[in-house]
Amino acid sequence: MSVRDPLTIADPEQLTADLVHLSTIVDSTVPGWTRQALTEADVVGRHWVRARMAEAGLDAHIDGAGNVIGVLHGTAPGNSAIMTGSHTDTVEGGGRYDGNVGVAAALEVVRTLHTNNVRLRHDLIVVDFFSEEPNRFGISCIGSRALTGFITPEDLDRVDSDGVRFADELTRIDIDPSALLSSRMDSSRIKAFVELHIEQGPYLEEQGSDIGLVTSITGIKRFRVAFRGRPDHAGTTPMNRRHDAGCAAAGSVLAIEQIASANVDGRGTTGLVTFTPDAVNIVTESAELWGEFRSPDLRWLDDAGTEFHSAVQREGASRSVEAQLDWLPSEQPAGMDDRFIEVTAREADRLGLKQSRLYSGAEHDAAIIAKKIPTAMIFVPSKDGRSHCPDEFTADKDIHSGANVLLNTIITLDRELDFD
Ligand code: GLV
Ligand code: MN
Ligand code: MN
């Protein structure tokens with residue numbers, strides 16, 4: 001039997017059904033579809049993915065860093081591999097597609113290869129990366145950082161706002177912190193990483209495109225600022241005698257917006273602000289603010305960081321409030337592999353899909369993996385550009401198109417890439 005070329009996924013309904021099933025493994029006490037890393041729902045979800053990988057014929061396990069890894073062994077002697085996958089953890093109150101699409105599509109790619117008796121020369125490694133979304137310790141992409149050696153003992157010593165250590169939280173869900181630190185993979189054997197993901201922005205829909213070819217992934221600078229002022233009576237303390245930590249935080253929130261708004265590709269977001277004490281009749285003694293800047297331009301990111309540092313000092317000093325700015329693990333912009341972009345473009349063309357090139361404003365495991373392994377990302381459209389919210393939606397036909405591009409990209413890379 002000759003294999004169709006380009007091949008299409010064998011069972012699109014099964015891919016959709018896997019996504020629907022994942023959307024049932026959620027924390028039902030929180031609105032939207034919530035499966036945050038370090039929670040029970042995420043543990044259950046990753047075990048379900050492992051079982052699904054095994055059913056699809058992969059040699060599957062959960063590694064020391066919590067990554068679910070399945071291997072389809074290649075035919076050629078040697079060790080070379082191609083890797084694909086994404087993540088199944090979500091933000092709080094998130095959607096059903098962010099990350100999940102890349103994992104469910106990778107499973108369907110494997111099933112399609114089996115159904116059509118296509119044997120790859122390379123091993124195909126499918127990964128559901130642990131904890132891609134930023135957690136309350138201020139670190140994202142834990143699994144991909146561990147696999148590439150970009151996580152440190154200091155990262156595991158970070159504490160959340162309640163003083164809980166990240167390492168202790170990992171232990172609570174049976175991830176041994178020292179095993180996580182030693183879960184590094186041999187990246188020299190992996191010749192390519194390809195991640196399928198929803199766009200999470202409006203560009204593809206605006207362009208009327210079926211597929212996005214990602215040229216680079218945004219850089220990110222995350223931070224936490226602690227302000228310490230003085231608690232005083234809200235009625236009797238004149239405005240010019242206050243050391244109001246809340247006002248210093250509020251001024252810094254506006255500075256984030258102003259700095260980012262001054263550049264077309266700049267993004268600046270405050271994710272969390274807390275005031276202590278939280279009472280209407282006490283001047284705020286201390287405040288904590290978590291936020292981030294993003295841009296594909298490293299120089300702008302660095303300048304934004306410098307400008308924000310000055311703004312925080314100014315907002316604190318003008319109120320005699322101490323301000324401590326702490327930079328969290330950050331990411332430089334990551335370029336995708338030019339050769340692989342051309343391969344994905346060619347495969348999208350052969351499938352008759354309209355395509356656009358764009359940079360990703362969202363963070364991805366691909367940005368971490370790209371530091372060690374040539375990487376490509378394929379995007380599919382997001383309705384109204386909405387994501388990280390319950391309204392996140394990508395049509396089945398677009399997901400199936402993305403899976404078809406992923407499938408044929410993997411088959412072509414398997415044929416064209418060097419082997420050793
Ligand atoms: C992940 O989705 C991010 O962009 O923060
Ligand atoms: Mn996300
Ligand atoms: Mn994602």
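Hi everyone, thanks for coming. Before the details, some ground rules: this is a predicted model, so local features need pLDDT of at least 70 and side-chain atom pairs count only at pLDDT 80 or more, while totals for chains, interfaces and linings use all residues. Residues are numbered from 1 along each chain as its sequence is written, chains are lettered from A and ligands numbered from 1 in the order in which they are written, and side-chain values use heavy atoms, with hydrogens and water left out.

Let's start with the layout. Domain 1 covers 12–218 + 333–416, and domain 2 covers 220–327; these bounds come from an automatic or database domain assignment. Taken over C-alpha atoms, the centres of the two domains are separated by 34 Å. Where they touch, domain 1 contributes 15 residues and domain 2 contributes 14 residues, with contact meaning heavy atoms within 4.5 Å.

How much area do domain 1 and domain 2 bury between them? About 1,100 Å², with 45% of it on carbon and sulfur atoms. Buried area here is the accessible area (1.4 Å probe) that two parts lose on being put together, summed over both. On the domain 1 side, Thr218, Pro333 and Tyr359 lose the most area to domain 2, and together they make up 45% of what that side buries.

Now the polar side of this interface. Between the domains there are seven residue pairs in polar contact, both residues at pLDDT 80 or more. A polar contact is a pair of N or O atoms within 3.5 Å; within protein, one must be able to donate a hydrogen and the other to accept it, and residues adjacent in sequence count only if both atoms are side-chain atoms. The domain 1 side that touches domain 2 has six nonpolar, five polar and four charged residues. In that sorting, Ala, Val, Leu, Ile, Met, Phe, Trp, Tyr, Cys and Pro are nonpolar, Asp, Glu, Lys and Arg are charged, and the others, Gly among them, are polar.

The domains also share two salt bridges, meaning a side-chain nitrogen of Lys or Arg within 4 Å of a carboxyl oxygen of Asp or Glu. Let me show you a pair to click on: glutamate 363 and arginine 222 form a salt bridge at 3.2 Å, N to O. Glutamate 363 lies in the loop between β12 (355–360) and α12 (365–369), and arginine 222 is in strand β7 (residues 219–228), 141 residues apart. Strands (E, at least two residues) and helices (H or I, at least four) are DSSP runs, numbered from the N terminus.

Is that pair buried or exposed? Both glutamate 363 and arginine 222 are buried, where buried means under 20% relative accessible area, exposed over 50%, and partly exposed in between (1.4 Å probe, protein chains only).

One joins arginine 224 to glutamate 288, with the closest N and O atoms 3.8 Å apart. Arginine 224 sits in strand β7 and glutamate 288 in strand β9 (residues 286–295), 64 residues apart, and both are buried.

Arginine 165 and aspartate 157 also pair up, at 3.0 Å between the closest N and O atoms. Arginine 165 is partly exposed because its relative accessibility is 32%, and aspartate 157, at 44%, is partly exposed too. Finally, Asp18, Arg52, Glu55, Glu108 and Arg111 are linked in a salt-bridge network.
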